[in-house]
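Hi,

Here is the structure I promised you. Please open it and read my notes alongside.

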Amino acid sequence: ADLDQYVSDDYGRKDNNEKYQNLEIGAGLEYTNLVIASPCQITLQGGARLSGDFVSLDGRKGVVSKYGYVIDAAKACVLSEQDRVRLGDDAVVNAGELTIRAAKSAEVGEDATIDVNGDFFIESTGDSDASQALIDSDSVVTAGSIRLTSQRKVILGEDTTVAVDGSIFLVSTGAAAKSQATIGNGSNIQATDLTLSAPRTAQIGKKATVNLSGQLTIKSTGTSSDSNAIIAKGATVAVGGDAEM
């Protein structure tokens, strides 16, 4: 009922001096097509649960949560046209498909548990120092495939555990010094294929473990003196197919 009132009041303008109002969600919401949009910021309180066949969160000024919330959906999208998106720490997502897209940082928080049967996309569409695609440290992710893209940083955080039936793509496309693609120290990755590509550093971190049944590609596409393709000291990499650096 609160959500319906917010929309009918022109996203809070009627009772807020003609200014759009940020939207806070603390309840459990379930609907076949659950579409929540705001021209401002959407903040999800810890413990909020969103479920349905299709769940969409679209906050033009960001979708944020300090503590994780739960999404249970056949297909889910979390979007911000102008700002950042972050699934908070300890977030839980069970979905057939999941897309996280933001102009600035597009992030999965620490200690998150993400289970996606199909494709999992994280994309940062902007080109600023704040632009990055991130799965933060100590998260556990299973998916059919994973693709992280950004013009700046693309990161699997330290001590993440990732198991994918198909391919993992970590691709940075920008030209700045921070245009990097990295797998963090101590991470554990299992997949068919893995591609790391960036104009500057493309790196598998220290003491990371990577097991692939297919192909490994680590590529630095730039020409500057700090353009590097690296498997760091102590990393363990096993490849069933071809390996190209």
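**Charges in the predicted model**

D138 sits in the loop between β13 (132-135) and β14 (140-143). Strands here are DSSP runs marked E of at least two residues, numbered from the N terminus. This is a predicted model: local features need pLDDT of at least 70, side-chain atom pairs count only at pLDDT 80 or more, and totals for chains, interfaces and linings use all residues. Residues are numbered from 1 along each chain as its sequence is written, and side-chain values use heavy atoms, without hydrogens and water.

D138 is partly exposed, at 37% relative accessibility. Buried means under 20% relative accessible area, exposed over 50%, and partly exposed in between (1.4 Å probe, protein chains only).

Now the salt bridges. Side chains of opposite charge can pair when their charged atoms come close. A salt bridge needs a side-chain nitrogen of Lys or Arg within 4 Å of a carboxyl oxygen of Asp or Glu. The count is eight.

- R86 pairs with D89 (2.9 Å, N to O). R86 is buried at 15% relative accessibility; D89 is partly exposed at 23%.
- R101 pairs with E123, their closest N and O atoms 2.8 Å apart. R101 lies in β9 (residues 92-102) and E123 in β12 (residues 119-124), so the pair ties together parts 22 residues apart in sequence.
- R152 pairs with D129 (2.8 Å, N to O). R152 is in the loop between β15 (145-150) and β16 (153-156), and D129 in the loop between β12 and β13, 23 residues apart. R152 is buried at 12% relative accessible area, whereas D129 is exposed at 60%.

Best wishes

Terms used: Helices (H or I, at least four residues) and strands (E, at least two) are DSSP runs, numbered from the N terminus.
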